[in-house]
Amino acid sequence: MNPIALPERLRIDTAAECWQELRAALDAGEDLQLDSAAVNDVDAAGVQVLLMARHSAARKAQGCSLIGTSAVLAQALQALGAPEDGFASSGAQHDDKDSGDING
């Protein structure tokens with residue numbers, strides 16, 4: 001399983017394209033390993049894509065994990081009530097600094 005790199009900008013204008021890529025991987029029967037280290041701008045739509053992927057993977061008995069979670073994404077997940085530990089986290093590395101924009 002090769003990690004899927006999430007975009008730097010995970011917002012409403014990139015959410016549909018990101019979802020299509022994740023859905024294609026799920027439809028191919030792959031577990032999702034999402035490299036989220038580059039995410040530095042995220043909104044509620046971006047988080048929703050990740051939650052949809054996690055839910056779809058669980059329904060198909062497939063895995064879904066975040067690796068290298070950026071501080072911005074971790075903060076967004078927590079702010080929206082979806083802490084990153086809801087994903088099978090793999091080597092999440094982030095600090096507590098606010099290093100980007102969270103809009104939603």
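**Strands, a helix and the chain as a whole**

Strand E3 (residues 32-35) and strand E5 run parallel and are joined by four bridges, where two strands count as paired if DSSP finds at least two bridges between them. Within this pair, Asp35 stands opposite Ile67 in E5. The model is a predicted one, in which local features need pLDDT of at least 70 and side-chain atom pairs count only at pLDDT 80 or more, while totals for chains, interfaces and linings use all residues. Residues are numbered from 1 along each chain as its sequence is written, and side-chain values use heavy atoms, with hydrogens and water left out.

In a regular strand the side chains alternate between the two faces of the sheet. In strand E5 (residues 64-67), Cys64 and Leu66 point one way, whereas Ser65 and Ile67 point the other way, and all are buried, a word that means under 20% relative accessible area with a 1.4 Å probe, protein chains only.

Helix H3 (residues 71-79) also has buried residues, namely Ala71, Val72, Leu73, Ala74, Ala76 and Leu77. Just after H3 comes Gly81, which takes a positive phi of about 80 degrees.

Taken as a whole, the chain has three helices and six strands, which are DSSP runs numbered from the N terminus, with at least four residues (H or I) for a helix and at least two (E) for a strand. Along the sequence they follow the pattern β-β-α-β-β-α-β-α-β. Of the 104 residues in the chain, 42% are buried. Among contacts (heavy atoms within 4.5 Å) with a separation of 6 or more, 76% involve residues 24 or more positions apart.

Terms used. Buried means under 20% relative accessible area, exposed over 50%, partly exposed in between (1.4 Å probe, protein chains only).
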